[in-house]
Amino acid sequence: EIELNMAKLHKRSVQESLNATVGGEWTVNSAGTAGSSADVANTTHLALATMTSTLGVYSAVEIYFNFSTTTTDVTAANDLVIPKNTLTFLTVPRGLGNTVYFNYNSTSTTTGAVKTVEV
């Protein structure tokens with residue numbers, strides 16, 4: 001009976017249930033602006049620090065985004081969406097190399113502030 005209870009305890013160990021980023025420091029960037037989607041040239045390009053592994057994003061408007069090694073304009077056809085008024089944490093795809101850009105643009109003609117924190 002003792003072995004059975006121990007097995008139940010091991011089923012939910014701390015190592016299995018904890019999912020946390022270790023280390024890193026918060027670097028709060030100046031707020032950017034998601035430009036109007038009327039023109040892809042309105043895309044904002046944020047160069048991320050070499051050590052950034054996670055990016056926190058809070059936007060006042062819904063945005064299209066991508067990560068790339070260059071300042072790439074975003075388009076509705078090819079990029080992902082972050083909903084407005086939502087705090088989202090994204091893993092930076094470091095497999096791209098040392099130079100990674102977070103590119104974003106509004107999904108509509110409405111522009112708005114985009115706040116980012118690099119971890």
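## Strands 4 and 7

How many bridges pair strand 4 (residues 54–59) with strand 7, and in which sense? Five, and the sense is antiparallel. Strands here are DSSP runs of E at least two residues long, numbered from the N terminus, and two of them pair if DSSP finds at least two bridges between them. One of the bridge partners to look up is Thr91 in strand 7, which sits across from Thr54.

Strand 7 (residues 87–91) has alternating side chains. Buried here means under 20% relative accessible area, with exposed being over 50% and partly exposed in between (1.4 Å probe, protein chains only). As background, side chains in a regular strand alternate between the two faces of the sheet.

## About the model

This is a predicted model, where local features need pLDDT of at least 70 and side-chain atom pairs count only at pLDDT 80 or more, while totals for chains, interfaces and linings use all residues. Residues are numbered from 1 along each chain as its sequence is written, and side-chain values use heavy atoms, leaving out hydrogens and water.

Now to the open sheet: four strands, in the order 3-8-5-6, with antiparallel pairing. Strand 3 (44–47) and strand 6 (80–82) stand at the edges with a single partner strand each, so one side of each has no neighbour in the sheet. From one strand to the next, the twist averages 30° (axes are lines fitted to C-alpha atoms, and angles run from 0 to 180 degrees between N-to-C directions).

Within this sheet, strand 5 (residues 63–68) pairs with strand 8 (residues 101–106) over six bridges, in the antiparallel sense. Phe67 stands opposite Phe102 of strand 8.

## The aromatic cluster

The structure holds five aromatic pairs. Rings of Phe, Tyr and Trp (its six-membered ring) pair if their centres lie within 6.5 Å; planes under 30 degrees apart count as stacked, over 60 as edge-to-face and the rest as tilted. Among the pairs is Phe65 with Phe102, tilted, at 5.7 Å centre to centre and 40° between the planes. This pair links distant parts of the chain, with Phe65 in strand 5 and Phe102 in strand 8, 37 residues apart.

Phe102 also pairs with Tyr104: the ring centres are 5.4 Å apart and the planes at 35°, so this pair is tilted. Phe65, Phe67, Phe102 and Tyr104 form one aromatic cluster. As for burial, Phe65 is buried, Phe102 counts as buried at 0% relative accessibility, and Tyr104 counts as buried at 3%.
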